[in-house]
Amino acid sequence: MELVNPIVRRWCREAAEDPDTFWARAAEKLPWFRPWDRVFEWEPPAFRWYVGGRTNLAYNCLDRHVAAGRGGQTALIYVTERGERRLFTYAQLRHEVERVAAALRGMGIQKGDRITIYMPICPEAIMVMLAAARIGAIHSVVFAGFGAGALADRIKALGSRLLFISDVTYRKGGDVPLKGIVDDALALDVASIEQVIVLSRGKEPASMTAGRDISWAEFLERGKGGDGSHVELEANEPAYILATSGTTAKPKQVVHTQGGYQVFIHSMATWVFGMKPEDVWWSTSDIGWVVGHSYIVYAPLLRGCATIAYEGSIDHPSPETIWQVIEEFGVTAVFTSPTAVRLLMRSGEERVRGYDLSCLDRVFCAGEVLNPPAWEWLQKKVFDDRIPVIDHMWQTETGGPIFGNPYGLAILPIKPGSSGIPLPGIDATIVTPEGEPCGPGEKGIMAIKRPFPGLTASLWGEPERYRKDYWERIPNLPYYSTGDSAHIDEDGYVWFAGRADEIIKIAAHRLGTIEVETAFLRHPAVAEAGVTGRPDELRGEVISAFVVLKDGHQQTDELRKELLATVRQELGPVAVIGELNVVKGLPKTRSGKIMRRVLKAVTLDRDPGDVTTIEDEGSVEDARQAWEEMKQAVRST
């Protein structure tokens, strides 16, 4: 059965037959100060896009809309969980970004200099990002919540000259202090920082270090009467550097450029998200992650729509908060995470009743696989099949979506649990760990055969690591490895099973962590599930499972039997559950990814290592306690 419609099929074919022409047409949708000499240069693994072309990411986000007479349209809507609202038109936002750009120059910042931003998602942080891109400086946003060690490591890796911070961030009704973390970080032999710019928002004045710390107002004063104009930049000059979350090893400092990145996120905003100037767009992420960079800040502004920046937890002060914000601002499209969907599931669909969501016409999810039970809850119980709920997949390294359902071109039938098809311009394939091609339905490693404009071409200061970690992981094939286990079905849809190094091998059978977690979610009492493999003498490995129950459900022997039966019914007898632990919460990164390595460490009675990226460190202890109770119960029988 052919599911890909003729429009999508034509786009994919044209991209495959002549990728340079395809990506040249995509770039022509944006203005350039000077056109490129060559679309693409590739000496594997090094590559460049739009060579010789001159552009400016921030200019295309703001100035061109103002010049086109759209300066009065809303650009940025800032909302907090405590009720604060601030709106900026395109003209107002450009004015503020010019002031910040002038102040950066007043502080001696020039093209190529690095600055670090350790701030929550607030207008000032977004202004600094845009101002840096405007003058050719390179920004690095560190999620406002990482510990002192993680912040220090990220600053030292880049040699940043300035550090922008907020004294507090807002989270679940409280002020979470950040200034002390900054002071501790800068005490860890961080020599490159010349000054710290402090945005004070707390109830008490922030403690300031004389000679090093200045206020936001003092910073702006440095640019008074100065130059806030944009510069023309070659397409391959860096726009920003963003560290991967570091869930498995030392974070990689991913570089995204002014030209190729801009073309890619603008294209995917159009092709995948159907983003248009009339939209009120809300991505519930944070600027500390690539989703926040690409689809809170840059792509929505490139497309000329209104983008919501929400600070706080979307379920505070109540689970109705997300629906209330959608109604209040007439949100037309939401991009959220499967973690957020499962969080909302715990409190039930009754929370949605009473809110007018008729403005909303599409919802997108990414971050982890949107398990079919979570998709069905949102698609059918919340939205009554009125609008599509669409999964898709990408990475920090790709800048934007690489697998998805091209809603903006022509929506395809949705297969719950699938991330969609390889998008136009993405030359994807599945291979075995040894590099042999896989057939339809055969599980292997997801690889990309050819670079595309959004793909990072370098890691800051680590060219050898870039080559080895991405382009040499598949023997004898010069392919980019995503590091994910997946298969492509007979209709061309991609199904991710989890990270390739997290596959569970039971008696020669290979099960993906996501497959097992999805099976648990089929039971109506389960809100979340995380699984890992545990060594077993007989079978090689068995499944060690950690589940979170929905509100109103309690752990009982009967429920335990039902959960085991549910998994067996879904996956068959091969899915041998060694242990089933009920926990209050799963260890997740602050971007919503389950830290399965922590679950494995707990299961193997090992130190879980660096957990600075974790959302709630208590979840580690909760998992450890559940595991200990399980062992005690086994010993007593």
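Predicted model: local features only at pLDDT ≥ 70, side-chain atom pairs only at ≥ 80, totals over all residues.
Let's start with two helices. Two packed helices are described by the angle between their axes and the distance between the axes. Here, helix H2, residues 19-27, packs on helix H10, residues 260-271, at an angle of about 85°, and their axes are 9 Å apart. That makes the two, H2 and H10, roughly perpendicular.

Who does the touching? From H2 we have Phe22, Trp23, Ala26 and Ala27, and they meet Val263, Phe264, Ser267, Met268 and Trp271 in H10. Sorted by type, the residues of this contact are eight nonpolar, one polar and no charged.

Now for the rings. Searching the whole structure turns up 39 aromatic pairs. One of them is Trp23 with Phe264: the ring centres are 5.9 Å apart and the planes stand at 50°, so this pair counts as tilted. Trp23 is in H2 and Phe264 in H10, 241 residues apart, so to speak a link between distant parts of the chain. Both Trp23 and Phe264 are buried.

Compare that with Tyr470 and Tyr480. Their ring centres are 5.3 Å apart with planes at 15°, which is under 30 degrees, so the pair is stacked. Tyr470 belongs to helix H15, residues 463-471, while Tyr480 belongs to strand E25, residues 480-488. Tyr470 is buried, at 3% relative accessible area, and Tyr480 is buried too, at 1%.

Last, two charges over rings. The charged end of Arg70 sits over the ring of Tyr90, 5.9 Å from its centre. Lys415 places its charged end over the ring of Tyr493, 4.8 Å from the centre.

Conventions
Residues numbered from 1 in each chain as written. Heavy atoms only, no water. Axes fitted to C-alpha atoms, helices over the stretch in contact; angles between N-to-C directions. Helix = DSSP H or I, 4+ residues; strand = E, 2+ residues; numbered from the N terminus. Parallel < 35°, antiparallel > 145°, perpendicular 65-115°, else oblique. Contact = heavy atoms within 4.5 Å. Nonpolar A, V, L, I, M, F, W, Y, C, P; charged D, E, K, R; others polar. Phe/Tyr/Trp six-rings, centres within 6.5 Å; stacked < 30°, edge-to-face > 60°. Buried < 20%, exposed > 50% of the residue type's maximum accessible area, 1.4 Å probe, protein only. Lys NZ or Arg CZ within 6 Å of the ring centre and 35° of its normal.
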